[in-house]
Amino acid sequence: LTVFENLELALPGRRNLWRNLFSALSSEESDRIDTMLSRVRLSDQRDQSAKYLSHGQRQCLEIAMLIMAEPKLLLVDEPAAGLSDDETSLLVELLLELRGQQAIIVIEHDMEFVRRLEAPVTVLNEGHIMAEGEMEEIQANAAVVEAYLGR
């Protein structure tokens, strides 16, 4: 599918086979997709097959698809993995823009990325909560340092 078609399928109500086959996309839906394409810097790839996108572009497309689906909870696992600095910055901006619109849980090991989200942090170790708080508290926590840095 093209980048545009991927976002179209992510729209609420577009998961129905009959709707996709026999219902035209409204101008509002099309505008919403074009706005998202611009926001994630994929406008130039609008009609390109998604399989030809770079890894970072695919990550942006996947996040855009999640946003288009309007979930109540957005759970993203290691979204910054393999992204360039510019792509990481774009992803941080997107997640910050979503604050207040839906609950977001980010599982991430890139601590600079986590810091830029300016959100409370929960550290898990062996399936249990080891620490919770602001990033500065977490980084100063001796148990966290021991568990993750082996000091």
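Setting aside neighbours within four places in sequence, Phe-113 is in contact (heavy atoms within 4.5 Å) with Pro-79, Ala-80, Thr-88, Leu-91, Val-92, Leu-95, Val-106 and Glu-108. Phe-113 lies in helix α6; helices (H or I, at least four residues) and strands (E, at least two) are DSSP runs, numbered from the N terminus. With a relative accessible area of 1%, Phe-113 is buried. Buried means under 20% relative accessible area, exposed over 50%, and partly exposed in between, with a 1.4 Å probe and protein chains only. Phe-113 and Ala-80 are 33 residues apart in sequence, and their C-alpha atoms are 7.4 Å apart in space.

The model is a predicted one, in which local features need pLDDT of at least 70 and side-chain atom pairs count only at pLDDT 80 or more, while totals for chains, interfaces and linings use all residues. Residues are numbered from 1 along each chain as its sequence is written, and side-chain values use heavy atoms, with hydrogens and water left out. The predictor's confidence in each residue is its pLDDT, on a scale from 0 to 100. The mean pLDDT of the protein is 89, and 92% of its residues reach 70 or more. Where pLDDT is low, the predicted coordinates should not be read in detail.

Several of the contacts of Phe-113, including Thr-88, Leu-91, Val-92 and Leu-95, are also among the buried residues of α5, which are Glu-87, Thr-88, Leu-90, Leu-91, Val-92, Leu-94 and Leu-95. What covers these buried residues of α5 includes α3, α4, β1, β2 and α6. The 13 residues of α5 reach 18 Å from the first C-alpha to the last, close to the 18 Å expected at 1.5 Å a residue; the expected span is 1.5 Å times one less than the number of residues.

Next come the strands. Strand β1 (residues 73–77) and strand β2 (residues 103–107) run parallel and are joined by five bridges. Two strands count as paired if DSSP finds at least two bridges between them. Between β1 and β2 the chain passes through helix α5 (residues 85–97), and this β-α-β crossover is right-handed. That term applies if, with the strands pointing away from the viewer, the path from the first strand over the helix to the second runs clockwise. Leu-74 has Ile-104 of β2 as its bridge partner, and Val-76 stands opposite Val-106 in β2. Leu-74 and Val-76 form the covered face of β1, whereas Leu-73, Leu-75 and Asp-77 form the uncovered one. In a regular strand the side chains alternate between the two faces of the sheet.

How do the helices and strands share a core? A nonpolar core is a set of buried Ala, Val, Leu, Ile, Met, Phe, Trp, Tyr and Cys residues joined through side-chain atoms within 4.5 Å. The largest one has 30 residues, and Leu-7 and Leu-42 have the most contacts inside it. At least two residues of this core come from each of α1 (3–10), α3 (27–39), α4 (55–68), β1, α5 and α6 (111–117). Helix α4 supplies the largest share, six residues. Apart from neighbours within four places in sequence, Leu-42 is in contact with Val-3, Leu-37, Leu-53, Gln-57, Cys-60 and Leu-61. A second, separate core of seven residues includes Val-121, Ala-131, Met-135 and Val-144.

In α4 the buried residues are Gly-56, Gln-59, Cys-60, Leu-61, Ile-63, Ala-64, Ile-67 and Met-68, and they pack against α1, α3, β1 and α5. The 14 residues of α4 should span 20 Å at 1.5 Å a residue, which agrees with the 20 Å between its end C-alpha atoms.

Glu-70 lies in the loop between α4 and β1. Glu-118 lies in the loop between α6 and β3 (121–125) and counts as exposed because its relative accessibility is 61%.

For the whole chain, the count is eight helices and four strands, in the order α-α-α-α-β-α-β-α-β-β-α-α along the sequence. Buried residues make up 34% of the 151 residues. Of the contacts with a separation of 6 or more, 53% are between residues 24 or more positions apart. The C-alpha trace spans about 60 × 30 × 25 Å along its principal axes.
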